[in-house]
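Subject: Two-chain model, handover and findings

Hi,

Here is the structure I promised to pass on. Please look it over before reading my notes below.

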Amino acid sequence: MADGQALLRMEGISKRYGGVHALEDAHLDVHAGRVHAILGENGAGKSTLIKVMSGVVAPDQGRMYLDGREVSFANPAAANRAGIVCIFQELSLIPDLSVADNIIASNPPTRFGLIDRRAQRRLAEEALVKAGGEDIHPRARVGDLPLSRQQIVEIAKALARKPRLLILDEATSALTAADVTRVMAVLKRLRSDGMALLYISHRMHEIAELADECTVFRNGRNVESYEQGAKTDNEVVEMMIGREYRHAFPPKPPRPAEETPPALAVRNLSWTDKLSDISLEVRPGEVVGLGGLDGQGQRDLLLALFGVLRGVTGEIAIDGRPMAIDSPRQAKSADVGMALIPEDRKTEGLMLPMSVLHNLSFAALGRHARFGIIDRQAEATSVDEMIRLLAIRSNGTSIPVSALSGGNQQKVVIAKWLMLSPRIILLNDPTRGIDVGTKQEIYQLLRKLSGEGAAIILYSTDYDELIGCCDRVLVMYDGTIKTELAGDEITEHALISSALNIAPQAGAATGEAGHAPVSAASGSVA
Amino acid sequence: MKQDTATPQAPMLLHLRANLPIVISFACIILLLLLGSLYSENFLSPDYLIQQLKVASFLGVIATGMMLIILMGQIDLSVPWLLTTGAMMASAATAFGPAGEFLAVPFGVFCGFAMGMVSGVGVAYLRIPAMIVTLAMNVIAQGLMVAYTGGFSPSDTASSGMRYLATGNLIGGVPNAILVWIGIGALAVFVLNRTTFGRAVYAIGNRESAAFLSGAATQRLMMFGFGISGALAAFGGVLLAGYAGKAAQSMGDAYLLPSIAAVVLGGTSILGGRGNYLGTVAGVILVTLLQSILSVMQIAEFGRQIIYGLVIVTMLLLYGRERALR
């Protein structure tokens, strides 16, 4: 089947964001009646590829052919008209509207300029049947449906646009194993109806079950395309890693002795269905990484430790003393001495319009005040000290922090917490979107702080960073810690295979109860 | 990418741009005065100006509380009836002998504070939008006051202390009301610029999530913000009752829009986080002068209201556009 003309062909597609090549000379052939899977690490260019295909962004270079005719899409609506429809990772449904309203949201049938309710409902029912959601009532409110049913509605919504190429970007990541099985059945039927499907997932076993053909991307470039089954899981992982430029990391000192009492000890921590039964210990002087694919509960874990989340169960002990941390205010108190460098510096770390000075001193303001009155001299002195210590490049301290570069903004976020001399430092992907030079300064700083006795937990989406910075890495999968890697075990290969929850060596197929039906296939692709 | 290419602007320029609304407000004040003087020379006489400042000081006290709430990114719509509550409760206390006379002012203010705190609990802890909570509180206060005045005939005469605060002259020809506003204004400037509370107010208004994750007690601070706003509205009511000699049911109605308008005309961002007290001073004077001039011009009441509304919308439009350009 793959020999015929491609339904969609992309050639030499390049896209740059600032100085970063999101895609470089990428190419792809998608054929009708086949499922084409795209694999790659976070940031490999998969999302950009889809955005180009579905008209969300315009490529800087390259050509696209549909049925052999060159096309270019000015916007997503144009791509829709050409038969290319994308289902994104996040649901795009409006919870307060009915199922039918959602499915026919973009282009409702009209009579005399008004929405024709009856025709709308008929169309919605047809789409639901095609999507395997016969049991969903078109008039039900979407917000009342369970998440898995909502995903079916999302698929129905896409099908109502009569696609010839359906793109699914991590569309199953929110689903349970049973629902995945149902969605798989639907997708297989669509394939046999002659639709082309482009399937993006981090779940290797789903790809093994569904895909006909796979393409691996790395750093915005094609690595290889192959027929599904032609490569072993390990080979696929090798292709995803590649051999790339590595950052300069400071040397790791010998790890603290096992008997050093932990600064932070967590027992059986759980939170709703996002975190389950997490236990970990971090000793003073140790940098512990959190690994795994994006969105496996790493962020929630850091927020839970910092007292942000409600309804967290389990025990947390600080320096051996049990402690119930129920707010960031308590987490930063002298009893606990915790700091969190949040994920998004623009909304969680900084008050962007406020001055550099006021941002820097905000967390530690209590230290520079008596009876609530700020000692401005003391405030300015310690802010200057921090600016020197972290080499923050700022044109004075009275300019808004939004005027600084991304890297310097991140330094401000870190510095404002260092003013409190925390003993436990949680970092949520602190180097995302900042330049290489600043990254290296942050690595050096982390080592320096741990050398001074801080206990550090570092979540990073960059595997190089986990390898270069961490003494131990806890790899998370589906809200729990699946694997612990220490010392020389922390390799890119080990990180990726444990992140994908496949076992490079035999004997690790235990503890997969939550993903029963399809996970039997995991690790057995070869 | 925009913030990555840090454009080092001269701090002076930033300063001017941030203070542009204040400059405009003061320019408008001068313009209004000149316009008024075309109608009557009295407009530039010291007596008239002092009188205007005195009238402005009631609004100034109320707008101070409103500014605090707007800086936090919230709104307080309970001003009219918390103001009336303050006036009525203070007057009522006057009837209870010398102790009542002595405690009249603090009691009136405390009533406003307590009701403001209830709104604060609703906004900060129960997470109900401030617009709803304070509107409800306004109606509740109205109900309470109607019930209170309906059953029997309470004292509604202002105490001599209240009258002295509003109409007396401690220093030469300067009315006490102006001194009260200066005192409260100075306190507001100090709190906003020099205390951890003030810094947190700006932080919450700019980005509540960041302030919370920095360990600020955002909920408690916001609750107290509403308490303070309620207290200042009630204090404004106490002063107005002292000025008029008695409390009346509809006395607060005329203060909701002017208090919000004064704050926003003075350059405080309606979205919170940005603003400076000098601007509120300018806004208060501007609003007061505008009202006065419209009445001096002897424009009919309906025309006055239309012009007043149009002027406020026009000025907000000017500032809004300026902000959108950044």
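Which residues does Ile62(B) touch, not counting residues up to four places away in sequence? Ile62(B) touches Val79(B), Leu83(B), Leu232(B), Ala233(B), Gly236(B), Tyr255(B) and Ser259(B). Two residues are in contact here if their C-beta atoms, placed from the backbone, lie within 7 Å.

Some ground rules. This is a predicted model, in which local features need pLDDT of at least 70, side-chain atom pairs count only at pLDDT 80 or more, and totals for chains, interfaces and linings use all residues. Residues are numbered from 1 along each chain as its sequence is written, while chains are lettered from A and ligands numbered from 1 in the order in which they are written.

Confidence

The model scores ipTM 0.85 and pTM 0.76. Per residue, pLDDT gives the predictor's confidence from 0 to 100. Chain A has a mean pLDDT of 84, with 91% of its residues at 70 or more. Chain B averages 86, and 90% of its residues score at least 70. In chain B, pLDDT is below 50 over residues 1-13, a stretch with 14 contacts beyond near neighbours in sequence. Residues 322-326 of chain B also stay under 50, with one contact beyond four places in sequence. In chain A, residues 505-526 stay under 50, and the model has 33 contacts for them beyond four places in sequence. Where pLDDT is low, the predicted coordinates should not be read in detail.

Among the elements of chain A, helix H18 (residues 516-519) has the lowest mean pLDDT, 36. Strand E18 (residues 338-341) of chain A has the highest, 95. Helices (H or I, at least four residues) and strands (E, at least two) are DSSP runs, numbered from the N terminus.

Chain A

Chain A has 18 helices and 24 strands. Its radius of gyration is 25 Å, close to the 24 Å that the globule rule gives for 526 residues, so chain A is as compact as a globular protein of that length. That radius is taken over C-alpha atoms, and the rule is 2.2 Å times the number of residues to the power 0.38. The C-alpha atoms of chain A fill a box of roughly 70 × 60 × 45 Å along the principal axes. Of its 526 residues, 47% count as buried. Buried means 20 or more other C-beta atoms within 10 Å of the residue's own; exposed means 12 or fewer; partly exposed is in between, with C-beta atoms placed from the backbone.

Helix H1 (residues 46-53) of chain A has eight of its eight residues buried, so it is largely enclosed by the rest of the structure. Lys46(A) and Lys51(A) are among those buried residues. Just after H1(A), Gly55(A) takes a positive phi of about 80 degrees.

Chain A also has an open sheet of four strands, in the order E14-E13-E16-E17, with antiparallel pairing. Its edge strands are E14 (275-282) and E17 (321-322), each pairing on one side only. Strands pair if DSSP finds at least two bridges between them. Two bridges join E16 (residues 312-318) of chain A to E17(A). One partner pair is Ala317(A) with Pro322(A) in E17(A).

Chain B

Chain B has 14 helices and two strands. The radius of gyration of chain B is 20 Å, close to the 20 Å from the globule rule for 326 residues, so chain B is as compact as a globular protein of that length. Of its 326 residues, 49% count as buried. Among contacts in chain B between residues at least 6 apart in sequence, 76% join residues at least 24 apart. The corresponding share in chain A is 68%.

Pro106(B) lies in helix H5 (residues 97-124) of chain B. Pro106(B) is partly exposed, with 14 other C-beta atoms within 10 Å.

Interface and core

The contact takes 32 residues from chain A and 27 residues from chain B. On the chain A side, the elements giving two or more residues are H10 (328-331), H11 (345-349), H12 (356-362) and E20 (373-374).

The largest nonpolar core has 255 residues. Such a core is a set of buried Ala, Val, Leu, Ile, Met, Phe, Trp, Tyr and Cys residues joined through C-beta atoms within 7 Å. Those with the most contacts inside it are Leu426(A), Ile456(A), Ile62(B) and Leu239(B).

Best wishes
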